[in-house]
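Work through the exercises below with the model open. Try each task before reading its solution.

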Amino acid sequence: MAQVKQYPFDEIEPKWQKHWQDIKLFSCDVSKTKDKYYCLVMFPYPSGALHVGHGRNYILGDCVTRYKIMQGANVLSPIGWDAFGLPAENTAIKGKLHPKKSTEDNIKIMKKQLHRWGIGYDWDREITSCYPDYYKWTQWIFLKLYEKRLAYKKKAAVNWCPSCQTVLANEQVVGVRCERCDTKVGEKDLEQWFFKITDYAQRLLDDISKLEHWPERVKIMQTNWIGKSTGVQIDFPVVDSDIVLTCYTTRVDTIFGATYMVLAPSHPRIRDLIKDSPDKEKIYSFIKKVKAQNKQERASVEIEKEGIFTQRYVINPANKRKIPLWLANYVLVEYGTGAVIAVPAHDQRDFEFAKKYNLPIEIVIQPPASSRQPPEELEEAYEGDGIQVNSVQFDGLDNRTAMEKIADWMEDIKIGRRTVHFKLRDWLISRQRYWGAPIPVIYCEKCGTVPVPEKDLPVLLPENIKFKPYGKSPLADCKEFINTKCPKCKGKAKREIDTMDTFVDSSWYYLRYLSAHDDTKAFDSKLVNKWLPVDQYIGGVEHAILHLLYSRFIAKVLFDLGYTSFGEPFSRLFTQGMIIKNGAKMSKSKGNVVSPDELIKKYGVDTVRLYTLFIGPPERDAEWNDRAVEGSYRFLGRVWRLAEQVKNQSSVVSRQSPETSHLTRKIHQTIKKVTDDIEGGFKFNTAISAIMELVNDSYIALDENQDPSTIKEAAKMVILLLSPFTPHICEQLWQNLGNTESIFKQRWPKFDKDLIQEEQLTIPVQINGKLRSKVIVPADIDEEALKEKVFQDKIVKKWIGDKKYKKVIVVPKHLVNIVV
């Protein structure tokens, strides 16, 4: 059976999309800052055809933009492309397309889809991070950090993806696998460039309190990632050596129970410690084995503990005992100092290790009100609070008091010092790949490391490159790129061949939109200081750590350098949930991707937009249901027919007409509800539900031949309130009602406070918890009068009969329940 067409969407949608372009609806004059509103969706990566899951982000942003335009705001809603990255290069390695070509092809596809979805942007401000006119300024930002000593290079053990053949930041490892290709990640030692984000750890933490309009879970995630703790650093001299190993502990109360020390296999002093060891080869073999393991896997409490004795000892300065020095897979160089005081009686990981390798266990904290237990009888570590034992002068103290007294004692005799520690590590920005912004550094045998002068930017990425699947950057084979002259001595020199992590590109793009085509500076300070912070930022919660933390860091650096007047880039943040299919995130590999193209062809883009918004609360994940899309289509058909029926009716509203009072009140209640839902957290699903109720009430008024002018007013409000969500059909219906100007040139409707209160209420009546009747009563009725009205109801009398009721439960304005 052929589908009955609800309305001519295929005719009206391209018509209005062209009209919005012609009238430059989304163009923003940034010189005018009165009522300014900067609405920004997160920098999209041009991955190719978008599915309906992607659409949620862009549709949400478009609704906010259109709503704010109707409120009279001067809205800046730009778009650009986070265009560097691994996927495009991996495509090139497979011999398909040059990254630039595949990226530009994908941008064309996505732009076409965004236009088809009716998503409005100020396209004159479009930026693309892989073009020199953008990455010139990414390189400039690198130089600014280098000048401030916030960019540096060092050898480091890094996450290594054997499939992508590149370094990954900790945040790019999900579980134990690469977030891009799902390959298990290992470890590798490489010379790497870092940004010193740790210098800003305290400010990044403190300023979270300023982010009043950010989701609480995002703030918690950032707080935990920064990971501030207070503890004590203790120096352990290595026996028969001048080496001193520093440990950090938050449990200094357990120091007298330390029976061995453990180093991370990547600890920088290992080479010196084992250079004369007869087991040197065995130790190096163990280190190699551990480095092939994933860091997150090693940090897991469930991992099988593995270690090797270094044949060296250290002195515990608290009791002068000589304890063995081990290497173990469960200690990471990134946490603390990479050296751990092992207290097996009071740390479960140390306990498991000690049991496996027959190392001593000594109890120093006794659980309250329990008899002393020999260490050999322990079945697991006791990690709770208790009373100090075997702790010399601190015996008998509760361990919390002992913590402070032991720290005081250590500072007095200069064997330890209180310190603050952050889990946050410096931002690793080096990538051994081609498709990224070249790092603007030159190496000269005479002058050393030399930054590229600003006047020589950009350092252009060569396009004639051979792509090979190995860890060394393909730029290493491009002599024209590598060989250069030193800016200082003019002698022969070589360029840095690593490129920058794409998170550097996206850490500052929100500044560039204000002066997207200015070739004299990265951004216009006067403009950004007037327009930023961004009023509304919209994107996925998966970027809560990676992108948002880096953007906050760069914003603070630029503030310190005097280029901006704000330290936080985003005032309000909204993180939308994912749209899933068959219980899983949409992906080609899972075969659960829903393409919007066929749905748009069948139902029109407004239907897809409406269903995307109506599917559930936008901050939560939602399951896509193809069959449910039909319901949104039918609803828009009802709206179309309603507008057609009232088209020729009078638009003069007679509010005095008693039979129209309910619909008039419903109009104003709906305006309030929709406005409150948009302003109060983008509750588009409940806003749409309220509009649906108004449509239903309008049809009831039609059936009852109520006042035509009020019904037309209701239809007009339906169209206005629905317009940010389904703009094409609303533009057409607005025109059909005799209007010549775009609906988005109209002001958002306001409600009348006197007309949002109900004059009458419909109260459900239950008998023994089951709905049996409804009564219509005045809104201000008191409880006794309500009970009297209920017992006069014919249906209630029928159900009660001769029975006596035990009690009557009244929920004011909502419900009456009679228990018989």
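Two strands pair if DSSP finds at least two bridges between them. Helices (H or I, at least four residues) and strands (E, at least two) are DSSP runs, numbered from the N terminus. This is a predicted model: local features need pLDDT of at least 70, side-chain atom pairs count only at pLDDT 80 or more, and totals for chains, interfaces and linings use all residues. Residues are numbered from 1 along each chain as its sequence is written, and side-chain values use heavy atoms, with hydrogens and water left out.

**Exercise 1.** Find which residue stands opposite Arg321 of strand 14, and describe how strand 13 and strand 14 are connected.

Solution. Start with the pairing: strand 13 (residues 307-316) and strand 14 run antiparallel, joined by 8 bridges. Asn316 is the residue opposite Arg321.

Next, take strand 12 (residues 260-263). It pairs with strand 14 in the parallel sense, over 3 bridges. Here Leu263 stands opposite Leu327.

Last, check burial (buried: under 20% relative accessible area; exposed: over 50%; partly exposed in between; 1.4 Å probe, protein chains only). In strand 14 (residues 321-328), 6 of the 8 residues are buried, so the strand is largely enclosed by the rest of the structure.

**Exercise 2.** Give the strand order of the open sheet of 4 strands and name its edges.

Solution. The order is 2-1-26-27, with parallel pairing. Strand 2 (74-76) and strand 27 are the edges; each has a single partner strand, so one side of each lacks a neighbour in the sheet. From one strand to the next the twist averages 20 degrees, with axes fitted as lines to C-alpha atoms, for helices over the stretch in contact, and angles running from 0 to 180 degrees between N-to-C directions.

Now look at one pair. Strand 26 (residues 536-540) meets strand 27 over 4 parallel bridges. Tyr537 has Leu573 of strand 27 as its bridge partner.

Finish with the helix. Helix 2 (residues 52-70) lies across strands 1, 2, 26 and 27, at about 170 degrees to strand 1.

**Exercise 3.** Locate the buried residues of helix 7 and say what covers them.

Solution. In helix 7 (residues 216-226), the buried residues are Val218, Lys219, Gln222 and Ile226. Their arc around the axis is only 100 degrees, which puts them on the same side of helix 7. The arc is that of the directions from the helix axis to the C-beta atoms. The cover includes helix 17 (546-560) and strand 27 (573-576). After the helix comes Gly227, with a positive phi near 60 degrees.

How values were computed. Contact = heavy atoms within 4.5 Å.
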